[in-house]
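Please look over the structure below before reading on.

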Amino acid sequence: MHEFLLFYAPLLIVVMAVFFSFMFVTKSTKMEE
């Protein structure tokens, strides 16, 4: 279980980083219009 968390914690952080950067790009694109 501990190894499971060690493997998925960085993966989750990367996924969240991609998700928030995508939201930021979408938001800034809408503001330019």
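The points below are grouped by topic. The model is predicted. Three themes come up: a nonpolar surface patch that includes Phe4, Phe7 and Tyr8, an aromatic cluster formed by Phe4, Phe7 and Tyr8, and a side-chain contact from Thr26 to the backbone of Phe22.

**Surface patch**

- A nonpolar patch lies on the surface, formed by Met1, Phe4, Leu5, Phe7, Tyr8, Leu11 and Val15.
- Together these residues have about 790 Å² of accessible area.

**Exposure of the ring residues**

**Aromatic pairs**

- A pair of aromatic rings is described by two quantities, the distance of the centres and the angle of the planes.
- The count comes to 3 aromatic pairs.
- One of them joins Phe4 and Tyr8, with 4.6 Å from centre to centre and 45° between the planes.
- That pair is tilted, because an angle counts as stacked under 30 degrees and as edge-to-face over 60, with the rest tilted.
- Phe4 and Tyr8 both sit in helix H1, 4 residues apart, which is about one turn of the helix.
- The rings of Phe7 and Tyr8 have centres 5.1 Å apart.
- Their planes meet at 90°, so the Phe7 and Tyr8 pair is edge-to-face.
- Phe4, Phe7 and Tyr8 form one aromatic cluster.

**Helix H1 and Thr26**

- Helix H1 covers residues 2-32, and Phe4 is found in it.
- Thr26 is also found in helix H1.
- Thr26 has 31% relative accessibility, so Thr26 counts as partly exposed.
- The side chain of Thr26 reaches the backbone oxygen of Phe22 at 2.8 Å.
- Thr26 and Phe7 are 19 residues apart along the chain, and their C-alpha atoms are separated by 30 Å.

**Check yourself**

- Which kind of pair do the rings of Phe7 and Tyr8 form? They form an edge-to-face pair, with planes at 90°.
- Which backbone oxygen does the side chain of Thr26 reach? The side chain of Thr26 reaches that of Phe22.

Technical notes: Residues are numbered from 1 along each chain as its sequence is written. This is a predicted model: local features need pLDDT of at least 70, side-chain atom pairs count only at pLDDT 80 or more; totals for chains, interfaces and linings use all residues. Side-chain values use heavy atoms; hydrogens and water are left out. Patches are made of residues with over 30% relative accessible area and no salt bridge: like charges are joined within 9 Å, nonpolar side chains (Val, Leu, Ile, Met, Phe, Trp, Tyr) within 5 Å. Accessible areas come from the Shrake-Rupley method with a 1.4 Å probe; for residues, only the protein chains shown count as cover. A salt bridge is a side-chain nitrogen of Lys or Arg within 4 Å of a carboxyl oxygen of Asp or Glu. Helices (H or I, at least four residues) and strands (E, at least two) are DSSP runs, numbered from the N terminus. Rings of Phe, Tyr and Trp (its six-membered ring) pair if their centres lie within 6.5 Å; planes under 30 degrees apart count as stacked, over 60 as edge-to-face and the rest as tilted. Buried means under 20% relative accessible area, exposed over 50%, partly exposed in between (1.4 Å probe, protein chains only). A polar contact is a pair of N or O atoms within 3.5 Å; within protein, one must be able to donate a hydrogen and the other to accept it, and residues adjacent in sequence count only if both atoms are side-chain atoms.
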